[in-house]
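Welcome! Here is a short briefing on a few side chains and their neighbours. Keep the picture open while you read.

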Amino acid sequence: MRSVVRVTQNLARTAGELRAAGHLPRGVKTEIRENLLAALREGRNPWPGIVGFDRTVLPQLERALLAGHDVVLLGERGQGKTRLLRTLVSLLDEWTPVIEGSELGEHPLDPITPESRRRAAELGDDLPVVWRHRDERYAEKLATPDTSVGDLVGDVDPVKVAEGRSLGDPETIHYGLLPRAHRGIIAINELPDLAERIQVALLNVMEERDIQVRGYTLRLPLDVLLVATANPEDYTNRGRIITPLKDRFGAEVRTHYPLEVDAEVDLVRQEADLVAEVGDHLLEIIARFVRHLRESSSIDQRSGVSARFAVAAAETVAASALRRSALIGETPAIARPIDLESVPDVLRGKLEFEAGEEGREEEVLVHLLRRSIADTARARLAGVNLRALAEVVSDGHPVATGDRVHAGDLLAALPELPVLHEVAARLGAGPKDPVGRIASAVELALESLYLTRHLSKDTSSDDDRSVYG
C-alpha cells in the first residue's frame, strides 16, 4: 500500500508554490466527473477487470457519477459489487496535495479543521505540502451490528482530554471513518446490516455534508463520495435501509450475474487462481452449471448463486488435476472432465437449497452438472460425427478414466481415428500439444456419448475408475 509521500521534485512543497502554480482545489465528485469524461472521450476503459456489465450496470453507474450522485449498488451476493466500487479509485487523480500532518488530508488551499486553519493562518505560504496517492483516498467499511457512531463519525478522545485540553475543545475529537475519507471515496458494504440508529448518523453527511459529534458546535464541510452495497433480501430479512437515507442516495443501480456464458467464463478465468491447466471447454461446463443452478427451482434463489461458486469450482477442478499429477506422475497437470465430479461434493455447502429438497442435494447437483456437460459438448462438437468413436468403443475398445488413469493410457486404449483429431481441434488441442490436453478433449466426447446413451459407463468404487464401453 502506498502511504502519504513527500515529493522532492517537480511538485509543490508549500502552499505558496501550489498557489503560484495556479493549482485550484476541486471537489472529489468534480474530479471523478472530469476524469471519467476524459476516459470516455479517449476511448479508455475506466472499469478494468469488470466483466459482463458493459451494456447494463456500467452505463447507469457512469450517469450517476457524472451527475455527482452518491450511489447504492443493489444485487445478490457475489455479483461483483465490491469489486466495482474499488474500481472507482482509478477515476481519482493519481496524486493530490494535502497539508502535511493534517488528520483529514485537507487541501492546502482549503483547510476545514480548526487546527489546520490555525496552521494555515500562522504559516501562510510556508504551509508544508505532501502528495497523497489515490489508493489512500478510498476507505471501505463492512457494516456490522457492532458498528458505532464513533466508528463512522467520531467521538471524544479521552487521551486528548487527559493532556489538559478542555472537554468542549473541538480538537479533543477523534474523527471516525467518514471524516477521514474527506476528499475521497467511502464505501459501506452491506448497508442494511447497519443498525437504523447508526444509519441516522449518515443523514447529515449525505445532505448537509457536515458532521456533529456529541453536541459539539463543529461544522466540517466534508467532501466525500458515499457509495454502498446492499442485497435485496436484506430489505425484508436482516435489516433495511431507512427511508430518509434511501432518499439521500442520488442513484440506485441494480447489478446482476453475467448474462452470457462467455462472460461467466471470462470472469472465472480472470478471478480463479488455477494450480493446473483448465481448458475453456471445462470452464464453459462450469459456467453452464452455475447458470443452471441459478435457474433451478431446487435452489433458494433469494440467496443467489455467487460468482465465487464458479471461481471455487474452477479452482477445485484444477486442484483435482494437480492431485492426479502427483499420484501418477502425469505432467503437466491438465484437467479432464473426470475432475468435474469433485465439484458437487466439495462445494455443496456453498448453496442454499429449498426446504423440500432435503436429502436430494447431491442428486440435484449431479443432474445439473451432467446437463451442463451435455450442453457444452453439443455446442462445441456440433457437426462432428461421433458414430465412429462410439462403434469402436462398443466393439471391444473400452476406455478407462479416473484419478489414477494417465492421459496417455486413455488415448492408447483407442485406435487411430480421424474423428479424434477433429474433436481435439474443435476443443483447441493440436497434435503437438501435451497428451493431457488431447485426452481432455477425447474424454468430453466419450462423456457426451454416454450422456446421449450411445455408450455405457461403469464406475468402480474400489479403484475410482470409470470405464466407457
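Contact here means heavy atoms within 4.5 Å. Leaving out residues up to four places away in sequence, Asp 339 touches Val 317, Ser 320, Ala 321, Arg 324, Ile 334 and Asp 403. This is a predicted model, in which local features need pLDDT of at least 70, side-chain atom pairs count only at pLDDT 80 or more, and totals for chains, interfaces and linings use all residues. Residues are numbered from 1 along each chain as its sequence is written, and side-chain values use heavy atoms, with hydrogens and water left out.

- You will find Asp 339 in the loop between helix 14 (307-328) and helix 15 (342-347); helices are DSSP runs of H or I with at least four residues, numbered from the N terminus.
- Asp 339 has a relative accessible area of 0%, so it is buried (under 20% relative accessible area, with a 1.4 Å probe and protein chains only).
- The side chains of Asp 339 and Ser 320 are joined by a polar contact of 2.7 Å (a pair of N or O atoms within 3.5 Å; within protein, one must be able to donate a hydrogen and the other to accept it, and residues adjacent in sequence count only if both atoms are side-chain atoms).
- A polar atom of the Asp 339 side chain also lies 2.8 Å from the backbone nitrogen of Arg 336.

**A charge over a ring**

- Arg 294 has its charged end over the ring of Tyr 257, 3.9 Å from the ring centre (the rule asks for NZ of Lys or CZ of Arg within 6 Å of the ring centre and within 35 degrees of the ring normal).

How values were computed:
Helices (H or I, at least four residues) and strands (E, at least two) are DSSP runs, numbered from the N terminus. Buried means under 20% relative accessible area, exposed over 50%, partly exposed in between (1.4 Å probe, protein chains only).
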